Amino acid sequence: MTDDELTASLSGCTALVTGAGGGIGRAISVALARRGVLVGLVGRRRSTLLRAMSGAEHQLFVTDLAADSQLRQTTRSFLRHFRRLDILVHSNGIYASAPLERSRVRDFDRLWTSNVRSPFLLTQLLLPDLRACSGQIVFVNSSVRIVFVNSSVRTGSVPVSGSSLRRSMPCGRSPIRSEQS
Ligand SMILES: NC(=O)c1ccc[n+]([C@@H]2O[C@H](COP(=O)([O-])OP(=O)(O)OC[C@H]3O[C@@H](n4cnc5c(N)ncnc54)[C@H](OP(=O)(O)O)[C@@H]3O)[C@@H](O)[C@H]2O)c1
């Protein structure tokens, strides 16, 4: 596909990008907007979202994805505003790493909620709309998990890696198919 063909195929599509105020999410949002995609930027801090993009058509959704009620409200607001969803980009995430004996359960819970649970729930809620558009899901996460370093156990950014979630999702490189099981 040529560059022009890619732009033509994306123009008028919609995307919801989480972590859009962060380094990777912002770069993805800007790249999509340049191709004519209408982007919904999701993040906790309005200030970083505001800095993420200017000029292109976009909408901000200030949301803590760790709070189910806020996450659900954002999916409703996004669909009310954009009417459809072609691309869902999960680029929110937090990172923490420590030897197991010094790892805190509180950090484990935060990592689980941010990096695995919220992408799971967001995908589940938006799947019908993605399927209706033969949409795409992109997971940006860390492959770090429980690892052995110099004979000691170390917990990584996601004890159960977000990449496991990606592998288990009904997507991959192909558009999501509307299949009943
Ligand atoms: N950068 C790298 O070299 C690298 C390498 C491998 C993997 N990764 C992974 O790729 C992902 C994106 O990386 P990045 O460098 O762009 O990270 P980043 O700059 O830290 O951005 C992550 C964004 O996620 C948002 N976020 C975190 N928790 C959230 C929550 N509960 N609700 C809503 N938004 C939340 C943050 O929003 P606020 O700022 O508003 O809080 C932040 O803007 C992360 O999962 C990271 O672990 C990054």
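The questions below concern the ligand shell and the neighbouring strands of a predicted model.

Q: Which helix gives the most residues to the shell around the ligand?
A: The ligand is surrounded by 25 residues, with Gly19, Gly22, Ile24, Leu65 and Gly93 the closest. By class, this shell has six nonpolar, 16 polar and three charged residues. Three of the shell residues come from the element that gives the most, which is helix 2 (residues 23–34).

Q: Is Gly22 buried, partly exposed or exposed?
A: Gly22, one of the residues closest to the ligand, lies in the loop between strand 1 (14–18) and helix 2. A buried residue needs 20 or more other C-beta atoms within 10 Å, and an exposed one has 12 or fewer. Because Gly22 has 19 C-beta neighbours inside 10 Å, Gly22 counts as partly exposed.

Q: Why is strand 2 (residues 38–43) largely enclosed by the rest of the structure?
A: In a regular strand the side chains alternate between the two faces of the sheet. Strand 2 is largely enclosed because, of its six residues, the number buried is six.

Q: Which residue of strand 3 (residues 58–62) is the bridge partner of Val42?
A: Strand 2 runs parallel to strand 1, to which five bridges join it, and Thr14 stands opposite Leu38 there. Strand 2 is also joined by five bridges to strand 3, again in parallel. Within strand 3, the bridge partner of Val42 is Phe61.

Conventions: Residues numbered from 1 in each chain as written. Predicted model: local features only at pLDDT ≥ 70, side-chain atom pairs only at ≥ 80, totals over all residues. Near = placed C-beta within 6 Å. Helix = DSSP H or I, 4+ residues; strand = E, 2+ residues; numbered from the N terminus. Nonpolar A, V, L, I, M, F, W, Y, C, P; charged D, E, K, R; others polar. Pairing = 2+ DSSP bridges.
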